[in-house]
Structure formats: C-alpha cells, structure tokens
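This report looks first at how two chains meet and then at the makeup of one of them. The sequence and structure are shown below.

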Amino acid sequence: MSLDIQIEKSDLATVISVRGEVDLYSSPALRQELKRQLKKKPEVVVVELSRVEYMDSSGVATLVEGLKNLTKAGGRLKLAGLNQAVAQIFKFAHLDKVFDIYDHLEEALQE
Amino acid sequence: MSPPSAETARELRELRARCAKLSSLIEVGAIISSTLDLEEVLRLVMAKAKEVMEAEACSVLLLSEESNQLEFELTVGNEAQVDQDLKEKIRLEMGQGVAGWAAKERRSVLVADAAADERWFASADQLTGSTTRSLMAVPLLSKDRLIGVAEVINPRFKPAFDQGDLELLETFCAQVAVALDNARFHQAFLTQQRLKEQLTAASSIQRSFLPPPLTGEGNQDFSLEAVSVPAQEVGGDLYDYFLLPGRRLAVLVGDVSGKGVGAALFMARVVSEFRYLSRLLVEPRAVMNRLNNSLAQGAQHGMFVTAVYWLVDLEQGLVSYTNCGHVPTLWHRARRSGVELVDSRSGPPLGIVEGYDYRAAHLEMEPGDSLLMLTDGVIEAWGRKDPARSYDRLIKLLRSSQPGRPTLNKILEELAANLEGAEAKDDLTLLELTWTGLSKSKEKEEPGADPILNGSDTVELDTSLRPRMMRVVRDVADRVGRLAGMSREDANAFKLAVDEACTNVLRHAYGGDVTRRLRLSFHLSSRELAVELHDFGLGFDPESLPPPDIENLRPGGLGVYLIKSVMDTISYVHSETEGNTLKLTKRLA
C-alpha cells in the first residue's frame, strides 16, 4: 500500500500531509516529494504526520535529509501532529531536539 | 709310574698356565657380560687382558659408524698423554695398519716381527715413542657386525706372541664383542630413558597448568567438563577456566601450532599471559587483542595459536566471545532442542598479525544450554578430509543427548571406537560448559506455576520480506508485545525493533531480494519477550556496525541504533550451514 501525500501551499508555508505507514518501501515516495517541493525554494515546509501510524528508520532518515537540505538553503522544516509511536522514534534516535516538532499543524504555522 | 720326562713336565706346566689364563679370561668375560657401562667394560677388559697376556700395552679401537674409521677408544699401559694422543690423532681407515687389516678382513692377525710386516703402521710408534716388536689384532664381531678391533702389543717375557696367545685373545674377544654390544645398546637405552623421564616431567608440568574442576558451593548454576588427550607425552592443546569478579566465568580453549616440547612451552606462555590479561582487561576482544600483540612481538620459530575466549555472565547467561582462528563451537540449545555452529567472525590465529583488531561476538544462553568447545584433533579424528561430516556427527550426538546432561563421555566413546585402537594423530581437547542458570531451581520449586516457562508460548512466522508481509510482521509484533503485557509505548518500540531487524536482513543478508524467506519466532516468558530472526543469507552481525553519525546519516546505521536503544539484549549467531540467527530480547516489567 502506497503512501498518500498531499501538498497544500499558503502564504505561511508548504504543508506536506502524509497518510499511511512510512517504511522501507514507502519512504522513497516521501523522499521524492520532499525533493520536488524543496526545489521551489520554500521558506517553511511543514510535514504533517497526524495520520501516519508507523514510521521506521528509513522514514526518519528521509526527513533528516530534507531537514539538512532545507536548512542549507536557508529555510525551515517543521514536523507536526506526530502520534505517540512516531514521536517515540525521534526520541530513540535522539532527533527530537534536532527537529522543530509541534503537536498540531496550527501551532507549526503560527510559529 | 716313571717320573715324567723334562719335556713332558714343561708341557704340563705350560698347559696349566694356559688353563689358568683361560679361566681367568672366562672369569673376566662373565664379569663384563654383567656390566652394562661401556667405559667400565673396556677399562676392566683391557686391564685384565694386559695382565693375562703379559703384554706391555693393549688397546681397543672402535669402528665409527659415521666415518667408517677405527678410532682408539681406550689404551692400557701407556702414559696418560700417549693415551690422549692416540685417541685424538690416530684414525685408521679400513685396511690401514694391522688393526685396519684385521677389521677389513675380519680375521685375527699375529705379527711376530712388526718391523718386517708391511702392514705395520709406523705412525703410532712415532707418537708413543715406543717400539712395537710383536702384536696381535683381533676383530670384535657381534652377530656378524664389526664393532672394532682389540690390539695387544709386545709380550713382556718373550720376543714374540705365539699362536696360543692368539687363540686365547680370540676366545676372549668373542665375549668382549657381545659385552660391548650390550653396553652400547644399554647406553642408547639410557639416553632414551633420560629423554623419556624429561618428557614425563614436562608432561606433568603441563598437566599442572590445567585448571582443577570448578565445583562446590556457589557453583551450581553451571557445570564444566574438560578432557585433553595429547598425541605425544606433551601436547599443544590448551584450555583454561576460572571465575572472575561479578559472577563471570572465563574459558579459553586453544591449539598451538606444532607438537612436542616446543609447542608445550609456547602453550605455557599463552596460558600464563592469558591469565594475567583476562584479569586485567576482562573483555574478550581487549584481552585477545593484547595477547595477540604480545605473542606476535615475541614470536619464536613462527609459532602461533588458535584460540577462543568465552566470557560467561553466570547470572544472565549472556556470553561474549572472541574467536582467533579457532574451530567453531557447538551450541546446544535446550529449549529449542537444536544445535548451532557458533563461528562468528573469526580472526587470524594469535601471534601472526600484530595490531589486528579482533571482533567481539555475543550470544545469550537459556537455562540448560551448553557450549561444546573443541580442537581440530577432534574433527580430524573423524576424518581429516571432511570436517563437515565430523560436525554433523557431533551435532547428531548432541541432539540425541538429553539437554543439560554432559555429552563428553559419549563423544569420547565414539571417538575411541572410530580410531579403533590407532593413536590419534593430533592432540584432542573437548570442553563442555552447561549453564543451568538460577531459573532451573525456581522451576523445581514451583512446578507448573509458570506455564510460560514450559516453552509453549511461541509464535512462529515464516514470511517473505514483501511490503505487504512486512505489515503483517509489524502487526504480529505489536500484538505479541501487547499480549506480553507491554505498555503501548513499549509495544510500539518492540514493533519498530522487529521491523528494523527485518530491514537489516533484507539489506545485508538478502541483498534487497524481497522474495527470500525469513523465519521469525517470538518467545514469551514471564521475564522477557524475545524474538529470533532466522535467515539463510550472508552473515551480518549488527554489533559490527559503528554507532550512527547523525551528520552523515545512513538509514541502515540508524536502524541498528534504534534496535539497540529499544531492546535489552542482542545476540547474533552465524552459521555457514544453518543460516544466521539474530535474537533480540526485551525484559518485561
């Protein structure tokens, strides 16, 4: 089953909403989408993960790659709406302080 | 009766004298036959011969087997210096001089007038400063083998020796030859005996290096049996074990290159350095790295040793080990009634590559499990050409035995039967460590109180690594976690670890081939939830990966890192024949 990825652009940010399980097989799709959006030099990208029930290390690595590239280009990558299981992975990997993580999309956009 | 004529009276006197001489010689013969010391025999014989023969001097020349020359072994009647000179300076070729002639022809010689005899070798006279008038030479033969020549020079009371003197000397020499032969044989025997005594001493010293049995109070949580049979008096196999602080058991099994005394001395050095280093550094990898450097620096005659060091945590059953070129160990798993070959990532033998960094490997024993360590003498005893067959045989023997019961005797019996009385070509060492653990006694105290411990709480899953199946695996992992009573958070973490482990198999063992099979089994006990991933691909030890570098993140490295942060223990067993098993456990609250 592939990921469902939707893009929504506003004045504040580019929001990438992901739905499904991000694992070894589906993370390449997320990677591709991130690359495509980053080419447009957005200032702020929010990855909305509230409907992601599961993410593995390949998903985390994909987001790390996006974070590094966007930061280099002078933009910001934010994560929003992580459920407990996904938040946990970032904690295990000691990446919860590296990303800007928000409980809800609204908070991420307001900041 | 008329008085005997003057003629007859003289003959009678001579006959009596001859009889006296003969019996005297026979007496000497009896004495020398009973003496086995070579020098003693010669000195005794020559002194008596000189006396009986009424000669000025006599000597014995022995045939040197190396040069095929006659050498003066002993002379009687000369001054010490002359004796020395003869020994050092005169060597006769076969056929040279009277003695040489007697030796070559194997016949006795009587020379009445030396000066007139062309065989006479004048050099000896020049050396001794005396004049040889008359002499006799008789070959010393033993069972048709020429040993040397006996020579008697100058009768004191008459101008020349006669035929009667020669016969006497011949009679005499027949016995001397036998005595000499005996003495020589005895000397060789003595040398051999002395060597044997030294070997016996070396053997008992070597045995003293082997540790005494570890039994008694406080050691009921394991049993250890070892047997070592050297192919010669002293061997190159070694084993050692002792307890370290923190209820840990150190076990070393090794095999020194070569055999005999040299190998034994090297083995002694290995054991003493190991004892020192293991108490100092404890961890197998660190100990073996240091031991390797030490042996490589001081290596003599290209000696090296294959060895494996096991460090067993007797409270948890956790084992870490480092293998340095040694043959695989067999792991008999009580609960799974299976036998695995533990051959994880062996490095080169110790003492060859200075600075080599050996690997640490780990496994986790369950109560009743045992490790059977051996040396290649055991493998070769079943046939040098096919070690795989020997291992199959050993695995069968282990499988057919009750787990937790020592198998050593059974193996030895079979080995003995296989050798059929022939001596083993190589040293042969077996060491069996069985970990009973503490839970065993618990089990006895409350029989049936913990149904989870009876081994039936196992969920098995045989799957491919296709995306859809991976979702199933995650789902199963999640459910098993919940069933084990894990919190939602822990169950999620457990699921993640299982998933990452599968990903690793796919990446490293199967090269990305999602169609290959993976066997997963979840084992639930009251203490822990364990999962084993059994694959049939290339070996991959997650411990061998460095910690992830967040700056240069590679997905694979992060996965292993996640597994490590989630799970309590990780063990990995690689086997060429039976595939690889990665085992992860999570303690239950």
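## Contact between the chains

In this predicted model, the contact draws 17 residues from chain A and 19 residues from chain B, two residues being in contact if their C-beta atoms, placed from the backbone, lie within 7 Å. On the side of chain A that touches chain B, the elements giving two or more residues are α2 (57-72) and α3 (84-92) of chain A; helices (H or I, at least four residues) and strands (E, at least two) are DSSP runs, numbered from the N terminus. That side of chain A has 10 nonpolar, four polar and three charged residues, where Ala, Val, Leu, Ile, Met, Phe, Trp, Tyr, Cys and Pro count as nonpolar, Asp, Glu, Lys and Arg as charged, and the others, Gly among them, as polar.

## Chain B

Chain B contains 15 helices and 21 strands. Of its 589 residues, 41% count as buried, that is, 20 or more other C-beta atoms lie within 10 Å of the residue's own.

## A helix pair in chain B

B:Ala202, B:Gln206 and B:Phe209 in α6(B) meet B:Val261, B:Ala264, B:Ala268 and B:Val271 in α7(B). The residues of this contact divide into six nonpolar, one polar and no charged.

## Basis of the model

Residues are numbered from 1 along each chain as its sequence is written, and chains are lettered from A and ligands numbered from 1 in the order in which they are written. Because the model is predicted, local features need pLDDT of at least 70 and side-chain atom pairs count only at pLDDT 80 or more, while totals for chains, interfaces and linings use all residues.

Terms used: Buried ≥ 20, exposed ≤ 12 C-beta atoms within 10 Å, placed from the backbone.
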